[in-house]
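Please read the following note with the sequence and the structure in view.

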Amino acid sequence: MVGKKSGLIGTYKYAAKKSRSLVFKSYVFISSVVGIFVVFLTTLAGITWTANPVGTGPFREQILLGAILLGIVIPLVAPVFIVSRRQQKDRSTVRNEGFMAGAGYGYIVSLFIGLGIIDPNDHTLNWPLESVGWWIDSLPESYGVGVIVLSMGMIVIIERKTRKLN
């Protein structure tokens with residue numbers, strides 16, 4: 001029998017071992033890889049900002065960096081925590097786990113698309129995807145934030161809808 005969860009790593013292990021959905025198990029793996037990558041990049045940015053601060057107030061950029069990290073990581077791990085909690089209460093189904101994994105995958109894809117829209121640099125891609133780069137560059141930056149916020153909202157909506165299916 002799988003033991004109770006404890007902490008972030010324990011929650012991931014518990015949810016992956018107890019799940020019967022292959023889609024959800026793949027999301028657990030992908031979200032952990034993306035999460036480690038985001039934390040690694042944020043740590044490097046924090047070290048750089050600490051060594052060479054540019055802002056006016058002390059630790060101003062570090063506070064912003066922490067808010068960005070929480071804004072990215074919380075929706076990334078939310079589907080795993082939701083499914084793990086439902087598994088502990090024996091109210092999780094393969095269908096609900098698949099829906100939550102789909103919402104999580106949607107967040108990951110929209111995060112990368114949104115960050116591409118927000119990025120002020122030109123996106124020169126190889127020939128088959130060149131028009132996609134031009135299209136992303138033509139969108140206003142507010143659309144990038146909107147895409148990310150909408151995907152966060154989809155996680156909440158799917159969580160509420162699948163709660164009623166139990």
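1. A helix here is a DSSP run of H or I with at least four residues, and helices are numbered from the N terminus. The model discussed is a predicted one.

2. The largest nonpolar core has 23 residues. Those with the most contacts inside this core are F24, Y27, L76, V80, M100 and Y107. Helix 1 (7-18), helix 2, helix 3, helix 4 and helix 6 (141-164) are the elements that give two or more residues to the core. Helix 3 gives the most, with seven residues. In soluble globular proteins, nonpolar side chains tend to be buried together.

3. M100 deserves a separate remark. Leaving aside its neighbours within four places in sequence, M100 is in contact with P79, I82, V83, R86, I155, I158, E159 and T162.

4. On the surface, F37, F40, L41, L44 and I47 form a nonpolar patch. Together, these residues have about 490 Å² of accessible area. One of them, I47, belongs to helix 2, which covers residues 22-51. Is I47 buried or exposed? I47 counts as exposed because its relative accessibility is 52%, and exposed means over 50%.

5. The last point concerns a backbone angle. Most residues other than glycine have a negative phi. D90 is not a glycine, yet D90 has a positive phi of about 55°. Where is D90 placed? D90 is in the loop between helix 3 (60-88) and helix 4 (94-118). With a relative accessible area of 62%, D90 is exposed.

Notes:
Residues numbered from 1 in each chain as written. Predicted model: local features only at pLDDT ≥ 70, side-chain atom pairs only at ≥ 80, totals over all residues. Heavy atoms only, no water. Buried < 20%, exposed > 50% of the residue type's maximum accessible area, 1.4 Å probe, protein only. Patch = residues over 30% accessible without salt bridge, like charges linked within 9 Å, V, L, I, M, F, W, Y side chains within 5 Å. Areas by Shrake-Rupley, 256 points an atom, 1.4 Å probe, with all protein chains shown as cover. Salt bridge = Lys/Arg side-chain N within 4 Å of Asp/Glu carboxyl O. Core = buried A, V, L, I, M, F, W, Y, C linked by side-chain atoms within 4.5 Å. Contact = heavy atoms within 4.5 Å.
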